[in-house]
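Please consult the sequence and coordinates alongside the text.

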Amino acid sequence: RYPNIQYSHDPISDSLFHDPNNGNQHGLSWADWQREQVHKFVRQIYDIAMEIDPMLKVSAAVIGKYNYSFVSWDGYNACYQDGKQWTYEGKMDFLAPMMYWPIGQTNPWAPFEVLARDWVLCLFLRR
């Protein structure tokens, strides 16, 4: 994941993002392009791991709030990670959502039970 939205505005990333031939062939927005860079990395790591040992299990500790753009920080929008996509593609064997608050918390934007159910459904829909 990227630690924040402005993290990789370095000359190489900016050049690739603006290059329609070699870097951003699909004309993605900055956020979607960054997310795709993380996807590529995850795909490569998974494929290499399976070549080394098909019995290996690949996991990721993902931000517990998946796509909650109305809050200040979530995995999809703030860190460009898409754990659900990785599982849908079969490039992640299991996820450990980082949800470090109590069950029954009254916070309406991230109730533990709702987020946990959302992640469980994601894993059951895999492949």
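Which element supplies the largest share of the lining of the largest pocket? Helix 2 does, with four residues; helices (H or I, at least four residues) and strands (E, at least two) are DSSP runs numbered from the N terminus. This is a predicted model, in which local features need pLDDT of at least 70 and side-chain atom pairs count only at pLDDT 80 or more, while totals for chains, interfaces and linings use all residues. Residues are numbered from 1 along each chain as its sequence is written, and side-chain values use heavy atoms, without hydrogens and water.

The predictor's confidence in each residue, pLDDT, runs from 0 to 100. Its mean over the protein chain is 83, and 83% of the residues reach 70 or more. Confidence is highest in helix 2, at a mean of 94, and lowest in helix 5 (residues 112-124), at 76.

Helix 2 (30-52) and strand 1 (59-60) each contribute at least two lining residues.

Trp86 and Met92 also have the most contacts inside the largest nonpolar core, which has 20 residues. Such a core is a set of buried Ala, Val, Leu, Ile, Met, Phe, Trp, Tyr and Cys residues joined through side-chain atoms within 4.5 Å, buried meaning under 20% relative accessible area with a 1.4 Å probe, protein chains only. Helix 2 and helix 5 each supply at least two residues of this core, and its largest share, five residues, comes from helix 2.

Methods. Buried means under 20% relative accessible area, exposed over 50%, partly exposed in between (1.4 Å probe, protein chains only).
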